[in-house]
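Here is a friendly walk through a few features of one model. Have a look at the sequence and the fold, then read on.

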Amino acid sequence: MPRVSQDHLDARRRQILDGARVCFARYGYEAATVRRLEDTIGLSRGAIFHHFKDKESLFLALAEDDAARMADVVARQGLVQVMRDLLAGDSAHPPDWLGTRLEVSRRLRTDPEFRARWAERSRKITVATRDRLLRQREAGKLRDDVDVDVLTSFLELVLEGLVSHLAMGFPADDVEPVLDLVEETARRHRAGE
C-alpha cells in the first residue's frame with residue numbers, strides 16, 4: 001500500500017474543514033447529517049471520519065480553526081479588524097464563518113458538554129486580544145485609565161453584538177462608524193486632542 005504524504009493528509013483535512021464549514025453554516029449542527037457532510041465535502045464518511053473521531057470532533061476542530069484564524073488577525077491588527085473583515089467580506093469564508101460562530105453560540109447555551117470542551121479552546125481570541133492591547137499600551141497608543149482585561153471584555157462583547165446583529169439580518173451599511181467609535185474608545189487621548 002503506498003504511503004500518503006503529510007502534505008496530502010493536511011490538504012485532505014483542509015478540504016474536510018472547508019466543506020464542513022459550508023455544511024454547518026447551511027444546515028446548522030443538528031441538521032448537518034453525515035450524508036449531508038459527505039455530499040457537501042465530496043468524500044465518504046470513512047474518509048471524513050478517518051481524520052475526525054465523530055461529528056462533534058469535526059465541528060469543534062472547525063470552530064477551533066476559525067478561532068485560530070481570528071486570533072492571528074487579532075494579534076496582527078486587533079479584534080476590531082476581525083469585525084471589519086467580517087463586514088467587508090474580506091475574511092476567508094465570511095458567511096460560513098458567521099454560521100459557525102452562531103452555531104458555537106447556540107451550542108454554548110444549550111450543551112454543557114460542548115461548553116466544557118470549547119472553554120479550553122476559546123481562550124485563543126481572548127489571549128490574542130489581551131496581548132495586543134498590552135502591546136498597544138506599552139507603545140502609548142492605548143488609554144491607561146481602564147484595565148486591559150476590561151477593554152478585552154468590552155471588545156469581545158462588541159464582537160458578539162455584531163455577530164448577533166448580522167445573524168438577525170439587520171443591515172450592516174451603518175456599522176463602520178460604530179467600529180470607528182469602538183476603536184476611538186480604546187485609544188489613548190493626549191491633552192489637546
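## Aromatic pairs

There are five aromatic pairs in this predicted model, where rings of Phe, Tyr and Trp (its six-membered ring) pair if their centres lie within 6.5 Å, and planes under 30 degrees apart count as stacked, over 60 as edge-to-face and the rest as tilted. Phe24 and Phe59 make an edge-to-face pair, with 5.0 Å centre to centre and 85° between the planes. Because Phe24 sits in helix α1 (residues 6-31) and Phe59 in helix α4 (residues 55-77), this pair ties together parts that are 35 residues apart in sequence. Helices here are DSSP runs (H or I, at least four residues), and strands likewise (E, at least two), numbered from the N terminus.

Phe24 counts as buried at 1% relative accessibility, and Phe59 is buried at 0%; buried means under 20% relative accessible area, exposed over 50%, and partly exposed in between, with a 1.4 Å probe and protein chains only. Tyr29 and Phe59 are also paired edge-to-face, at 5.5 Å centre to centre and 70° between the planes. Tyr29 lies in helix α1 and Phe59 in helix α4, so this pair ties together parts 30 residues apart in sequence. Tyr29 is buried, as is Phe59. One aromatic cluster is formed by Phe24, Tyr29, Phe59, Phe114 and Trp118.

## Helix α5 and its partners

Two packed helices are described by the angle and the distance between their axes. Axes are lines fitted to C-alpha atoms, for helices over the stretch in contact, with angles from 0 to 180 degrees between N-to-C directions. The axes of α5 (residues 79-88) and α9 (residues 176-186) come within 10 Å and cross at roughly 175°. That makes α5 roughly antiparallel to α9; angles under 35 degrees count as roughly parallel, over 145 as roughly antiparallel, 65 to 115 as roughly perpendicular and the rest as oblique.

With helix α8 (residues 148-167), the axis of α5 comes within 9 Å and crosses at roughly 10°, so α5 and α8 are roughly parallel. This contact includes Leu86 in α5 and Leu162 in α8.

## Notes on the model

Residues are numbered from 1 along each chain as its sequence is written. Local features need pLDDT of at least 70, side-chain atom pairs count only at pLDDT 80 or more, and totals for chains, interfaces and linings use all residues, while side-chain values use heavy atoms, leaving out hydrogens and water.

Key
Contact = heavy atoms within 4.5 Å.
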